[in-house]
Amino acid sequence: MEKNYSSTFYPTLAGFCLIAIAICLTRLAYTPIVPSIIDSHWVTKPGAGYLGAFNMLGYMAGCILTVLVARITGARLMMRLSLVIAVIGLLMCSWDLGFIWLAVGRFITGFAGAALIIHTPPLVLKNINPEKKAVTLGIVFSGAGFTIVAVSFLLPQFITNGPKNGWLFEAAITAVFAIISWNLVSRAPIHAKKNNYIKEPLKQTSKLLLILIAICYFLAAVGIVPHSLFLSDYVHRDLGYSISDSSMLFSALGLGSAIGPVISGVLAKKLDTSMSLFFAYLTGVIAVLIILMFDEIELVALSAFLAGIFLISVVSLTSLRVLEIVGLEMHDHYWGILTLILASGWAIGSYSMSGLLSLKFQYINLFMTGQAVLAMALGIYLFSWWRSKHI
């Protein structure tokens, strides 16, 4: 019996808001605040990096618990809880009660983002016409990018006297988005799904493709850390621009994040997902190369724009590629695993690069590291693409 899909508008809008919370407001919206929290002496430069790493540690913990809880209760409980926790975590960060307090705040915001990024794509897909899945997922994942643009442009108005009001501003946006998306979250499964796929294990060829894609996904997370965590402070501290200008420049990354998934969604529909993923990884390599070659602010903005295209496109396209390999019934299970792998890459990259800063390395050294890692990811992805053609 064919399912009746009454409208794609609300599921797409709600998914847009959920991804905005999961990727931007609980994660990337931290980056444009970094120069302010350092200049206000809330944390040191390495300390700001470690706060980003605690965020990713929370993300990893959230991924693990989300998968476990979903097996017992379904997705709805964790998604609702995550929306509430996201607001609480951002409110915690608005008070400077010491590094440990801020670390806990960043940890629980990361924790909140995990359930949303794992369960939102399958939830949206179940509420729209399958023929519109590529374009719809592109629009949904663009929610992070458009929100980054808005936050980056508006944030300077709130942090003129320090980061406190900036955190409150982000908490308010998160609360509004949570209200908008609450109805879609209420459609998420309340009972654990039967794992029928266990009776039909994946073929070895599919497992190999998933492993190669997972390795690339992990490396993508590590390689993008300098852009996603340190870019604003690099522009402020190393290139000499004001906190306001460095925060606003981050909007270029947001613009790329907003446009990239829509473009990649159209490309995936017109061409195929594998080719679109190749272009995404290539874009990431070019983005870091520009930073290494030039320090003119216009070219740094171009690099941020391309990094944004790469960052969110590789997430949305990887989700779509996993769907193609394993099917809709198994998608949320394997997508949960891939999300944990991405979080691991972000966490390991953040901790490692913060450690390099503690050892007096410069931001440009971190971009060099990111370039090497992304080049490796591109090479492995090309091999996986070639392998898929010969199965």
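Biologist: How many helices and strands are there in the protein chain?

Modeller: This is a predicted model, in which local features need pLDDT of at least 70, side-chain atom pairs count only at pLDDT 80 or more, and totals for chains, interfaces and linings use all residues. Residues are numbered from 1 along each chain as its sequence is written, and side-chain values use heavy atoms, with hydrogens and water left out. Helices (H or I, at least four residues) and strands (E, at least two) are DSSP runs, numbered from the N terminus. On that basis the protein chain has 14 helices and 0 strands.

Biologist: What percentage of the residues in the protein chain is buried?

Modeller: Buried means under 20% relative accessible area, exposed over 50%, and partly exposed in between (1.4 Å probe, protein chains only). Of the 391 residues in the protein chain, the buried share is 59%.

Biologist: Is Ala 61 buried, partly exposed or exposed?

Modeller: Ala 61 belongs to helix α3, which covers residues 45–73. Because its relative accessibility is 27%, Ala 61 counts as partly exposed.

Biologist: Which residues is Ala 61 in contact with, leaving aside its neighbours within four places in sequence?

Modeller: Contact means heavy atoms within 4.5 Å. With the neighbours within four places in sequence set aside, the contacts of Ala 61 are Phe 107 and Phe 111.
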